[in-house]
Amino acid sequence: MVHSVPPRTPRQPVRQRPRLRLLPVSAAVSAALVAGTVIPVQPLLPAPQQAQAADDGKRVLTVAVSQSVDSLSPFLAQRLVSTSVHRLAYEYLTNYDAKDARTVPGFATAWRPSADKLTWTFTIRDDSKWSDGRPATAEDAAWTFGKMMTDANAATANGSFTANFERVTAPDPKTLVIELKKPQATMTALDVPIVPKHIWEKVGDFSKFNNDERFPIVGNGPFIVTDYKADQYIRLEPNKDFWRGAPKFDELLLKYYKDGDAAVAALRKGEVSFVSNLTPAQASALKSDENIKVNDAPGRRFYALAVNPGARSKDGERFGNGHPALLDPAVRKALFQAVDRESIIDRVFQGHAVEGQGYIPPRFGAYFWEPSAEQKIAYDPAAAARTLDRAGYRRSGSGKRVGKDGKPLDFRILCHATDPNDKAIGKYLQEWWGGLGIGLKVECLDNVSDPWLAGDYDLAFDGWSVNPDPDFVLSIHTCGALPATRKDSGATDNFICDKEYDGLYARQAVEYDAAKRADLVKRMESRLYDTGYMNVMAYPNAVEAYRTDQIKSITTMPEAAGNLWGQDGYWSWWSAVPADGGGGSGGSSSSTGVAIGLGAAGAVAAVLGLFVAMRRRSTAEDRE
């Protein structure tokens, strides 16, 4: 089978009974997590919970989620909760090691490039099959990539990975060959779910098919999606035929909670097993609970202020109602000069975060960049006022800053209604910017996607999780990520299009020397910092908690000081062992698997992956 890109095809680069549930960890557990051990659980379920769990006959792991699913189609999904489900339901060509994030086998067991690095050959495993019983082969992978190459709608979520593909073939069931237009450094980090051709080739319009009407959904990952109700739950069951071994819980239930306090209350009652994105107050309160562990680990996410640079599409049309004053670099600089990041870390995150610098979090040391003393925009309200004065934004008699059109500088910022950090920081920004004579309206919405995609915003609270290979999170700020027209959905984050940045992106994408590529990535971060369109305020910790009387052991990623929710892989939920003694450690490892310590439970084979769920915005975690 051969897939080639037609000459004129545009390349689009590129979220009632008590059941067993999972949650974040406490101080004592934090130390265990940092040591890379899996946390042993305390006694057993309280008597009422034990009785009902036994009557029900199922060991259910319930995870509280606060984000709505955008789509169950791997070709459209961009929100964290959706892509997390796809990590469980489908295999990717490769995965990430638990300890050092190196590439390890997934759907492919081996890979090799040609001498010129323009042809990559992947060996597809012969022990994987779809949940409907059909064998999963190289033909499925070739069809998946080929569809993304030839149908712009199928490239909505992950098109940046295939934009450079020339041709994809499957000469036999175990061999996948990808031919490139130019060398591509991300070939062992293609984070694209492989779907069954015999199911998906029947789909007509990929822009409208959300894969949420017929269940169970056919996949080849460790779990099978068996049911879904919008803003209620996603139900998954173990794939008994998964090549690495079936999960130990009888059911994984992702249960929707719009309110974080309600999710925490459910955790305390034993109604859910796991809760993520805890506030400092919630984490502190849970640490004293006997059967709850709070995990506070360095995160892979950045938390930023995104500025609307003037929404536009590739065809040159401008749209949206972003404030024109924000197109002035002096205004963007003055705003960030008036952001006290130390106070944000101390007062809002209360120490559960690190002060923001560059685009890539310090967890990814090779790519972490921070500005020099001369380049850094430090908190200095007086300097911010001088910046505005010099640029011609004077105060009126009432003390308001006035734009060059004579109108007051009044901005809007999009805020996620479910994120208390957005709300708290919004109040500080109103105070700090108000001191400059600038007004700010904090617009907290359940769904910020619609105004964001329409360009109807001035600023927004933004954040993405970063994966071991940063290409995707870098690609979303390229000109190529803009929507083709204003009616289309591109992969862009906030409509940034900068030629210097694009030039650096193109160079890093083909650079195989690790040190040279890291240098190019840092130069990209420097350029992004200087534009003032993405101002990183913090790198939040992963603060989460789970019930130890429901979960005997579970794998964090990475082993040392790792997180459970939002992993770039299926390791946490796949490896989880019920506290009732009904399950052993996770399934057997592949030949290149990594042994994960499970304390008294013994060693379990698993591979650790870093989380790539950097997807579109709608709640606090959705571009986590």
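**Reading helix packing, burial and backbone geometry**

Reply: Of the 624 residues of the protein, 62% count as buried. The model is predicted, and its accessible surface comes to about 22,200 Å², of which 49% belongs to carbon and sulfur atoms.

Me: How many helices and strands does the secondary structure of the protein contain?

Reply: There are 16 helices and 24 strands.

Me: How should I read the packing of two helices, and what is the angle between α8 and α10?

Reply: One takes the angle between the axes, then their separation, then the handedness of the crossing, and finally the residues in contact. Helices α8 and α10 pack at about 165°, their axes lying 8 Å apart. As angles over 145 degrees count as roughly antiparallel, α8 is therefore roughly antiparallel to α10. The crossing of this pair is left-handed. From α8, the contact draws on A330, V331, A334 and Q337, and from α10 on P381, A383, A384, T387 and L388. Sorted by class, these are 7 nonpolar, 2 polar and no charged residues.

Me: Which residues of α10 are buried, and against which helix do they pack?

Reply: An α-helix has 3.6 residues a turn, so residues three or four places apart point the same way. In α10, which spans residues 381-390, the buried residues are A383, A384, A385, T387 and L388. These buried residues pack against α8, residues 329-337. Just after α10, G392 takes a positive phi of about 95°.

Me: At what angle do α14 and α15 cross, and which residues of α14 and α15 meet?

Reply: The axes of α14 (residues 499-509) and α15 (residues 514-531) come within 9 Å and cross at roughly 165°. By the cut-off already used, α14 is therefore roughly antiparallel to α15. Their crossing is left-handed. On the α14 side, E500, Y501, L504, Y505, R507 and Q508 take part, meeting R517, L520, V521, R523, M524, R527 and L528 of α15. The classes in this contact are 7 nonpolar, 1 polar and 5 charged residues.

Me: Are α9 and α11 parallel, antiparallel, perpendicular or oblique to each other?

Reply: Again one begins with the angle. The axes of α9 (residues 341-348) and α11 (residues 420-434) come within 11 Å and cross at roughly 140°. Roughly antiparallel requires an angle over 145 degrees, and roughly perpendicular covers 65 to 115; α9 and α11 are therefore oblique to each other. Helix α9 passes α11 in a right-handed crossing. The residues in contact are S343, I344, R347 and V348 of α9, together with N421, A424, I425, Y428 and W432 of α11. By class, this contact holds 6 nonpolar, 2 polar and 1 charged residues.

Me: What deserves attention in the backbone itself?

Reply: Most residues other than glycine have a negative phi, and most peptide bonds are trans.

Me: Which residues other than glycine have a positive phi, K117 being one case, and where is K117 placed?

Reply: K117 has a phi near 60° and sits in the loop between β5 (108-113) and β6 (119-124). With a relative accessible area of 28%, K117 is partly exposed. N277 is a further case, its phi being positive at about 55°. The loop that holds N277 runs between β12 (274-275) and α7 (280-286), and N277 is partly exposed at 34% relative accessible area.

Me: What is omega for the peptide bonds from F215 to P216 and from M557 to P558?

Reply: The bond from F215 to P216 is cis, with omega near 0°; P216 is placed in the loop between α5 (197-200) and β9 (223-229). The bond from M557 to P558 is also cis, with omega near -10°, and P558 lies in the loop between β21 (551-553) and α16 (571-575).

Definitions and conventions
Residues are numbered from 1 along each chain as its sequence is written. This is a predicted model: local features need pLDDT of at least 70, side-chain atom pairs count only at pLDDT 80 or more; totals for chains, interfaces and linings use all residues. Side-chain values use heavy atoms; hydrogens and water are left out. Axes are lines fitted to C-alpha atoms, for helices over the stretch in contact, and angles run from 0 to 180 degrees between N-to-C directions. Helices (H or I, at least four residues) and strands (E, at least two) are DSSP runs, numbered from the N terminus. Angles under 35 degrees count as roughly parallel, over 145 as roughly antiparallel, 65 to 115 as roughly perpendicular and the rest as oblique. A crossing is left-handed if the near helix is turned anticlockwise from the far one by less than a right angle, and right-handed if clockwise. Contact means heavy atoms within 4.5 Å. Ala, Val, Leu, Ile, Met, Phe, Trp, Tyr, Cys and Pro count as nonpolar, Asp, Glu, Lys and Arg as charged, and the others, Gly among them, as polar. Buried means under 20% relative accessible area, exposed over 50%, partly exposed in between (1.4 Å probe, protein chains only). Accessible areas come from the Shrake-Rupley method with a 1.4 Å probe; for residues, only the protein chains shown count as cover.
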